[in-house]
Amino acid sequence: MSSDRSQACERTPGQAGEGPLVARVDLSQLVANMNCLRRAAPGLGMLAVVKADAYGHGAVPVARSLVAAGAEGLCVATLAEALELRQHGLQAPLLVFGDRRPESVPIAAAHAIDLAVVSAEHLRDLLPLVAQHPVGLHLKLDTGMGNTGFQVAELGAAMDDLQALRPNLRGVMGHYTDAEAPDGKSALLQRQTFQAGLARLREAGIAPPMVHHANSAGCLRGFTEGDTHVRCGIGLYGLLDLPDAEPAGLRPILELSAEVTRAVRVPAGTPVGYGSTWVAPHPVTLATLACGYADGFSRALSNRAWAGFNGGTYPLVGTVSMDAVVAVLPADAAIRAGDRMTLLSRHPEDPHSVLQTARLLGTIGYEVTCALHRRVTRQYF
Ligand SMILES: Cc1ncc(COP(=O)(O)O)c(C=O)c1O
């Protein structure tokens, strides 16, 4: 064992020009993905969803590319996310989905940031503030999501408040729960509820210029009739998972690679990681990678995931640590400290693509990239 260990070759992560753990993001494919979504919704404006740091891809560079390529607006979840974009010089129209705090209104108005109105109570709270702080508002209708927005039945009682805020109302919006489903049933039901809400508003003379209900799946499946805009997130990042079809033209834009901090040939019987949950069955090469659950690489991937190197894929073994995970390669593998292995591949068919990794975890691609911690270096090309 000691002679095997003596072949170890160690190096401090980050000595190379790039960080030990790097997410490389292809901004031209991002724009290609946006254009692909646009082709599915001809004539509609694109509100690009860049919340959660652009689903982990980096909100500022992603937003800059999309706006430069013609996105009509940007959407985020919180006021802080919107302010980050403004602070980085993004002037595009901005919509915040989920901030109902009265103290946010003057700040949003001062930075030309629109707010979604998420409930009747929120609308009432806005009334005394908006005269002084004229903020743009998008009225959210709960067409089936069941967690935010107005029920159509609530609109009647809110009509006086809506009339008072009419000059500020820029849009009416809804959100699909399951536009991915091949039968389209739930999307069609939601569409009907949305149309009923829009009709109820129109009867009262309320017809804001923007109407938007579709996320990426709704956009690609064409559930957009009568809308002026689409609100796409996951499709921009090339990670839309449709059960019945390849989302034509959409490609993943992020690849995660980690530096090998140690490569060592070990004999059979060598344990790996906390709890020694994996033990080498025969002589192998262990490659330790500078990536752990603190980076957003889930501990639930322990002994389940894969990493790519020089065209091959190799299992990750042992428990994922906070800052390290270990790949196992053949004993004679030509790998050394400073080499890089791919932990999330851009090729959907790879066992370590984002979507395959999500499936291993019993989750969705959104969660895999959103989890990537800010300490992961982002590089853009
Ligand atoms: C209100 C709202 N609109 C649009 C989107 C974008 O959805 P998708 O990423 O599925 O395109 C989201 C994402 O969760 C959302 O919360």
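A residue is called buried when its relative accessible area is under 20%, and exposed when that area is over 50%, with partly exposed in between. The model is predicted, and the points below are grouped by topic.

**Two buried loop residues**

- Thr 148, which sits in the loop between β7 (137-140) and α8 (155-164), has a relative accessibility of 19% and therefore counts as buried.
- Apart from its neighbours within four places in sequence, Thr 148 is in contact with Val 118, Lys 140 and Asp 142.
- Ala 305 belongs to the loop between β14 (284-289) and β15 (306-309), and its relative accessibility of 5% makes Ala 305 buried as well.
- When residues up to four places away in sequence are not counted, Ala 305 touches Phe 297, Tyr 314, Pro 315, Leu 316 and Leu 360.
- Ala 305 and Thr 357 are separated by 52 residues in sequence, while their C-alpha atoms are 7.0 Å apart in space.

**The pair of helices α8 and α9**

- The axes of α8 and helix α9 (residues 185-203) come within 11 Å and cross at roughly 45°, so the two helices are oblique to each other.
- The crossing of α8 and α9 is right-handed, and the contact is formed by Leu 155, Gly 156, Met 159 and Leu 162 from α8 together with Gly 197, Arg 200 and Leu 201 from α9.
- Of the residues in this contact of α8 with α9, 4 are nonpolar, 2 are polar and 1 is charged.

**Salt bridges**

- The count of salt bridges comes to 13.
- Arg 170 and Asp 114 meet in one of them, with N to O at 2.5 Å; because Arg 170 lies in strand β8 (residues 169-173) and Asp 114 in strand β6 (residues 113-117), the pair ties together parts that are 56 residues apart in sequence.
- Within this pair, Arg 170 is partly exposed at 40% relative accessible area, whereas Asp 114 is buried at 8%.
- Arg 375 forms a salt bridge with Asp 295, their closest N and O atoms being 2.4 Å apart, and this pair ties together the loop between α12 (365-370) and β19 (377-380) and the loop between β14 and β15.
- Arg 375 is partly exposed at 43% relative accessibility, while Asp 295 is buried at 4%.
- Asp 323 also forms a salt bridge with Arg 375, with the closest N and O atoms 2.7 Å apart, and Asp 323 lies in the loop between β16 (312-317) and β17 (325-330), 52 residues from Arg 375.
- Asp 53, Glu 84 and Arg 374 are joined in a network of salt bridges.

Terms used
Residues are numbered from 1 along each chain as its sequence is written. This is a predicted model: local features need pLDDT of at least 70, side-chain atom pairs count only at pLDDT 80 or more; totals for chains, interfaces and linings use all residues. Side-chain values use heavy atoms; hydrogens and water are left out. Helices (H or I, at least four residues) and strands (E, at least two) are DSSP runs, numbered from the N terminus. Buried means under 20% relative accessible area, exposed over 50%, partly exposed in between (1.4 Å probe, protein chains only). Contact means heavy atoms within 4.5 Å. Axes are lines fitted to C-alpha atoms, for helices over the stretch in contact, and angles run from 0 to 180 degrees between N-to-C directions. Angles under 35 degrees count as roughly parallel, over 145 as roughly antiparallel, 65 to 115 as roughly perpendicular and the rest as oblique. A crossing is left-handed if the near helix is turned anticlockwise from the far one by less than a right angle, and right-handed if clockwise. Ala, Val, Leu, Ile, Met, Phe, Trp, Tyr, Cys and Pro count as nonpolar, Asp, Glu, Lys and Arg as charged, and the others, Gly among them, as polar. A salt bridge is a side-chain nitrogen of Lys or Arg within 4 Å of a carboxyl oxygen of Asp or Glu.
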